[in-house]
Amino acid sequence: DNLRADKDFVLEVVRKSGRALQYASDKLRSDREVVLEAVRGDGVSFQYASDNVRGDKDVVLEAVRQHGFALRFASDNLRADKEV
């Protein structure tokens with residue numbers, strides 16, 4: 001559990017495999033930097049982000065850039081946003 005909450009460790013792991021975000025602590029799945037790093041490598045990993053990050057337009061845009069499927073996990077407001 002300590003490693004799941006270790007930001008430096010989780011950042012390294014999600015850089016290698018974005019989907020590893022699913023194993024991060026709740027706090028880190030809410031961390032913008034960690035989620036952004038995960039979606040840069042694998043947009044589908046966005047599904048493991050917390051609700052508050054799902055409303056972050058920059059993170060959503062990056063996730064969708066990597067994989068259009070990620071849009072389905074964005075907040076309602078961003079799913080309706082024409083820029084996304």
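Where is the place of S25? Hi everyone, let's start there. S25 sits in the loop between helix 1 and helix 2, the latter being residues 26-29. Please keep in mind that this is a predicted model.

Is S25 buried or exposed? With a relative accessible area of 12%, S25 is buried, because the cut-off for that word is under 20%. Setting aside residues up to four places away in sequence, S25 touches R4 and A5.

Now to the core. The largest nonpolar core has 22 residues, and those touching the most other members are L21, V35, V39, F46 and V59. Which elements give two or more residues to this core? They are helix 1 (7-16), helix 3 (32-41) and helix 4 (57-66). Helix 3 gives the most, with five residues.

Let me take F46 from that group. Leaving aside neighbours within four places in sequence, F46 is in contact with V35, V39, V53, R54, V59, V60, A63, A70, F73 and A74.

F73 on that list comes up again with the aromatics. The structure holds one aromatic pair. F69 and F73 form that pair edge-to-face, at 5.5 Å centre to centre and with 75 degrees between the planes.

On to the charges. Side chains of opposite charge can pair when their charged atoms come close. How many salt bridges does the structure hold? There are 14.

One of them joins E33 and K7, with the closest N and O atoms 2.9 Å apart. E33 is in helix 3 and K7 is in helix 1, so this pair ties together parts that lie 26 residues apart in sequence. Both ends are partly exposed, E33 at 42% and K7 at 30%.

Another salt bridge runs between K57 and D81, whose closest N and O atoms are 3.1 Å apart. This pair also links distant parts of the chain: K57 belongs to helix 4 and D81 to the segment after helix 5 (76-79), 24 residues away. K57 is partly exposed at 25%, and D81 is partly exposed at 23%.

Then there is a local one, D76 with R79, where the closest N and O atoms are 2.4 Å apart. Both lie in helix 5, three residues apart, or about one turn of the helix. D76 counts as exposed at 56%, whereas R79 is partly exposed at 40%.

And one last item for your screens: E12, R15, K16, E37 and R40 are linked in a network of salt bridges.

Notes: Residues are numbered from 1 along each chain as its sequence is written. This is a predicted model: local features need pLDDT of at least 70, side-chain atom pairs count only at pLDDT 80 or more; totals for chains, interfaces and linings use all residues. Side-chain values use heavy atoms; hydrogens and water are left out. A nonpolar core is a set of buried Ala, Val, Leu, Ile, Met, Phe, Trp, Tyr and Cys residues joined through side-chain atoms within 4.5 Å. Buried means under 20% relative accessible area, exposed over 50%, partly exposed in between (1.4 Å probe, protein chains only). Helices (H or I, at least four residues) and strands (E, at least two) are DSSP runs, numbered from the N terminus. Contact means heavy atoms within 4.5 Å. Rings of Phe, Tyr and Trp (its six-membered ring) pair if their centres lie within 6.5 Å; planes under 30 degrees apart count as stacked, over 60 as edge-to-face and the rest as tilted. A salt bridge is a side-chain nitrogen of Lys or Arg within 4 Å of a carboxyl oxygen of Asp or Glu.
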